[in-house]
Amino acid sequence: MKSHYRVVVIGGGIVGASVLYHLARKGWADIALIERAELTAGSTWHAAAGFHAINDDPNIAALQTYTIKLYKEIEAESGQNVGMHMPGGYSLATTPARWEWLRSEFAVYQTLGIEARLATPEEIVADCPIVDPTGLLGGLFDPHEGAVDPHGTTHAFAIAARKRGADVILRNRVLALTPLPDGQWRLDTEQGSVIAEHVVNAGGLWARRVGRMAGVNLPLTPMQHHYLITEDLPELVARADEMPCVTDLEGFTYLQQERKGVLLGVYERDPRHWQVEGADWDYGMDLIPEDIDRISPELAIGFARFPTLAEAGIRRWVNGAFTFTPDGNPLVGPVPGLRNFWAACGCMGGFSQGGAIGLVLANWITEDDPGSDIFGMDVARYGPFASNDRYLRDTTAQFYARRFVIAYPNEELWAGRPLKTTPSYDAQQAAGARFGVVWGMETPQYFATGEPGFVEVPTLRRSNADRFVAAEVAATRSAAGLLDTGVYGRYEVTGPGAEAWLDRLLANRLPPLGRMRLAPMLSPAGRLMGDLTVTRLGAERFWLVGSYYLQEWHQRWFHDHLPASGVRIENQSERWLGFSLSGPRSREILARVTREDVSDAALPFLGCRPLDVSLTQAVVARLSLTGELGYEINVPAAQQRALWQALVEAGTELGMRPIGMRAQDSLRLEKGYGVWSLEFSASYTPAMSGLDRFIAYDKGDFIGRDAALRERDAGPAQRLVLLEVESRDADVTGYEPVRHDGRRVGYVTSGAYGHHVRQSLALAYVDRAVADAPGPLSVDVVGESCPARILPEMPYDPKGLKLRG
């Protein structure tokens, strides 16, 4: 072991070995992997090692595809057999709801470029003769499903990394981590101390303990997971080829061939955590005693679906621990608040994602850019609240138990809730609010006004709650709607260098005093890093407003680009709250609760000023996401309840009613407005998204300017458009393919029913040629092809006269 390395990777599982290999492939020398025992001695060695390309996040799906393609390459480079088998796999549907869901998923897979196909029960049984077809309605076949040898694959990465000059140091536990003033780290190990410029936490079962050494509590925890391996089955002994994998979604089981027997794994509905703080340091190639009684309900379903198992001998039981995060995706990237400390952990699907994690982390460390939009696995998608013991237990148990349960777009899950509420939460609840959650914050989705016993039915189609949403839309279009803005992230930037810093950070021209502007924020590669608003409240005082759930992500970006002095940025997201008041009578309502002038001359469109609003001391900005005359009224958090009371008293008799996020979705789509994570993200560019109209290309240098200029000159490959979809009782939700003459030309980003214009609407990215010369299109809605067309203008107030009052 040397005394100094550019990068030290802690942990010798599949993820750590992949990170080491990809750093070496980037040409970095002086890199090392330090492992407390042997390679794979954690959760890797006992893993079923299955892989698949499918993921709800298309960016992660693309990275999983990369991982699968990499296996043959790494085998050839290392000379180590990875034991790859890829017979494909079937996901079974045994209920009408599941069959509808699979057909809907099939359409999304086409967007992702996954060559899946729907299958009949007869086709499934012909391919997988051990499947009992009772109740079987069909299935979805993924040709990229299979498994590898966990030992061989991990060693293949390590061998290939060594060939490129990396060190692999075994039987050497890291004892302590100390950050140094110059940004480097001192690692105290059993074999001595070493200095590293960067440290990667790929600790697996020990990742939470390793994180605590660095002063961070990561939101991941080990959980038990069972599978069994049978003796040889006659049906498999008799066939020459390998049987495809099978996932019985209603049965909570997955099955893959293991030699001439099978491996049957279970995601039970009554899961158990194990060593929540992380495994003991002396734990290694050990297993947990099996708990067959606890998983017997799911085993019974599995044995019924695969009857031959009842006659088979069981060669081996495995109950091993894997690490889980609240949403099941890994933690990857620079850990907020720590210099040069990186996460590569919490990966329960290591053999689907391990190669990808190595790629993006190596890109990030060596080029300061992960190379793709990986927010779905970014460690900064969580805040400190997610590491709370109760929250972590509840949410990881919920994810595990629902691993194969249908996730409906209108379904709200209750683990870890309620955690954060605005002061008006109980008043809104009394008014009929039904809440969702955003980054721990309870957020009204709609108001079941006058029906306290109303129960919403989860569905892929239009909800039985839509009548409430329609009433909220109607109130906003005719009078006013009142929306809680607790889901906004708010930051205050001050200091003598604030203006110069923001001018470089943001791509727009900064506003004058008392005004605000929409503010795209770009990466050096010209990708979107934010769709913010910037307001100038003083000569050296600005507000930035963005998405509440991006707080850690945005603050990491802000602080990475902050100068050494002259600029101060404070997160005000918990200190300031408020409401959005919008609709044709919103000015009249606001005038009732303030003695100050709120006329168009005194508070123009995109104007902002301090106002006394009833008892509160507010900062009021004139804009809205509904397309109506509107105001965002911001107050100190403790005053938000008083603001609610004042606005309700002043507005109710004028027809105002509280609204939720679903009404806002309907309203914004009638105007063709995009939002972050759907239309805007690091996957897209200003010209693609239409945000280029807010860029001041001539203002001088700003982050991403060169890339934005190149795109402006060349034009984007795709553009964002608004579609009308001819769908009877359902709307798109995201990533459904858009076709022209049967050819895929784009995909949907979001959709909803426009209750005022009475149209099913969708925003979509389509090929530029299609956007420039619109023709007949089709969009898959819940698995059914529906006619669609690009709207030449927004269906509601296309000239924006109502918005400008």
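Modeller: Let's start at Arg 239. Leaving out residues up to four places away in sequence, Arg 239 touches Asp 127, Pro 129, Pro 244 and Lys 260, where a contact is heavy atoms within 4.5 Å. This is a predicted model, so local features need pLDDT of at least 70 and side-chain atom pairs count only at pLDDT 80 or more, while totals for chains, interfaces and linings use all residues. Residues are numbered from 1 along each chain as its sequence is written, and side-chain values use heavy atoms, with hydrogens and water left out.

Arg 239 sits in the loop between helix 7 (234-237) and strand 13 (245-248); helices (H or I, at least four residues) and strands (E, at least two) are DSSP runs numbered from the N terminus. Its relative accessible area is 15%, so Arg 239 counts as buried (under 20%; exposed is over 50%, partly exposed in between, with a 1.4 Å probe and protein chains only).

Two strands pair if DSSP finds at least two bridges between them.

Now look at strand 14 (residues 253-258), which pairs with strand 15 (residues 261-266) in the antiparallel sense over 6 bridges. Glu 258 has Gly 261 as its bridge partner in strand 15.

Glu 258 also takes us to the second largest pocket: of the 25 lining residues, Val 148, Asp 149, Pro 150, Ile 229 and Glu 258 are the closest to the pocket's centre. Strand 14 gives the most to that lining, with 3 residues, and helix 5 (150-163), strand 12 (221-230) and strand 16 are among the elements that each supply at least two. The volume of the second largest pocket is about 630 Å³, meaning the space filled by probe spheres set on the grid points, which are joined across faces, edges and corners. A pocket here is an open set of points on a 1 Å grid where a 1.4 Å probe fits, with protein on both sides within 12 Å along at least five of seven lines; lining residues have an atom within 4 Å of a point.
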